[in-house]
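Good morning, and thank you for coming. I would like to take you through one structure, beginning with a single element and then widening the view.

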Amino acid sequence: MEKFAKLASLGAFGVAGGIAVVYLAMLYAFRPTLTGGMDRVGWLVAAVAILVPVVVLGGMHIAFAMQLKNGKRAMHY
């Protein structure tokens, strides 16, 4: 399993980046426009509300990736 830890670490970093890209795509898709979409206040509230789980999930994946990258050293201080 140790030989796949570095690859799994890169995958976890990729998921964290992918979560950020999906968040930005959602902001773009639901942005206020002249012909429709959400109003500015509703859009800002939704942006902040969606940001909280995005930061939590991204942070968890980054922490997991760092543990995988460190290998056995991550368990010893």
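Helix 1 runs over residues 5–29 in this predicted model. The 25 residues of helix 1 reach 36 Å from the first C-alpha to the last, close to the 36 Å expected at 1.5 Å a residue.

Which residues of helix 1 are buried? They are Ala5, Ser9, Ala12, Ala16, Ile19, Tyr23 and Leu27. An α-helix has 3.6 residues a turn, so residues three or four places apart point the same way. The buried residues of helix 1 pack against helix 2, which covers 40–70.

Let me turn to one residue of this set. Ser9 lies in helix 1 and has a relative accessible area of 3%. Ser9 counts as buried because that value is under the 20% cut-off. Leaving aside residues up to four places away in sequence, Ser9 touches Ala65, Leu68 and Lys69. With Ala65 there is also a polar pairing: a polar atom of the Ser9 side chain lies 3.0 Å from the backbone oxygen of Ala65.

I now come to the whole protein. It has two helices and zero strands. Its C-alpha atoms fill a box of roughly 55 × 20 × 10 Å along the principal axes. The radius of gyration is 17 Å, whereas a compact globule of 77 residues would have one near 11 Å. Buried residues make up 17% of the 77 residues. Of the contacts between residues at least 6 apart in sequence, 67% join residues at least 24 apart. Finally, the accessible surface comes to about 6000 Å², and carbon and sulfur atoms account for 75% of it.

Definitions and conventions: Residues are numbered from 1 along each chain as its sequence is written. This is a predicted model: local features need pLDDT of at least 70, side-chain atom pairs count only at pLDDT 80 or more; totals for chains, interfaces and linings use all residues. Side-chain values use heavy atoms; hydrogens and water are left out. Helices (H or I, at least four residues) and strands (E, at least two) are DSSP runs, numbered from the N terminus. The radius of gyration is taken over C-alpha atoms; the globule rule is 2.2 Å times the number of residues to the power 0.38. Buried means under 20% relative accessible area, exposed over 50%, partly exposed in between (1.4 Å probe, protein chains only). Contact means heavy atoms within 4.5 Å. Accessible areas come from the Shrake-Rupley method with a 1.4 Å probe; for residues, only the protein chains shown count as cover. The expected span of a helix is 1.5 Å times one less than its number of residues. A polar contact is a pair of N or O atoms within 3.5 Å; within protein, one must be able to donate a hydrogen and the other to accept it, and residues adjacent in sequence count only if both atoms are side-chain atoms.
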